[in-house]
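Please work through the following exercises with the sequence and the model at hand.

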Amino acid sequence: MDTSRKTINVVAALIRDGKRVFATARGYGNYKGWWEFPGGKVEPGESPEDALVREIREELDSVKWLPADITLIDEIKKRMA
């Protein structure tokens, strides 16, 4: 059994406007249709801050954003447990 582990550094943003939280439904993969916050992998040589800025720009350009009620956070926690 291989016990080695690979570390992947990721970043995510919680964008809030009053009581609303901005999230998007995944369009692909095992979690297609599930809600997620903007973010992604940190590229080699990139700071977490730069990665977050890049990811948000990429997603704002290509993803239809949906406002979600703040109670959605509890639902995300349940599904990811």
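The exercises below proceed from the overall fold to single residues. This is a predicted model, in which local features need pLDDT of at least 70, side-chain atom pairs count only at pLDDT 80 or more, and totals for chains, interfaces and linings use all residues. Residues are numbered from 1 along each chain as its sequence is written, and side-chain values use heavy atoms, with hydrogens and water left out.

**Exercise 1.** State what percentage of the residues of the protein count as buried.

*Solution.* Buried means under 20% relative accessible area, exposed over 50%, and partly exposed in between (1.4 Å probe, protein chains only). By this criterion, 22% of the 81 residues are buried.

**Exercise 2.** Classify Glu55 as buried or exposed, and identify its contacts beyond four places in sequence.

*Solution.* First, locate the residue: Glu55 belongs to helix α1 (residues 48-62). Next, because its relative accessibility is 9%, Glu55 counts as buried. Finally, with neighbours within four places in sequence set aside, Glu55 contacts (heavy atoms within 4.5 Å) Gly39, Gly40 and Lys41.

**Exercise 3.** Classify Val21 as buried or exposed, and give its C-alpha to C-alpha distance from Phe37.

*Solution.* Val21 is part of strand β3 (residues 20-25). Its relative accessibility is 2%, so Val21 counts as buried. Val21 and Phe37 are separated by 16 residues in sequence and by 8.9 Å in space, C-alpha to C-alpha.

How values were computed: Helices (H or I, at least four residues) and strands (E, at least two) are DSSP runs, numbered from the N terminus.
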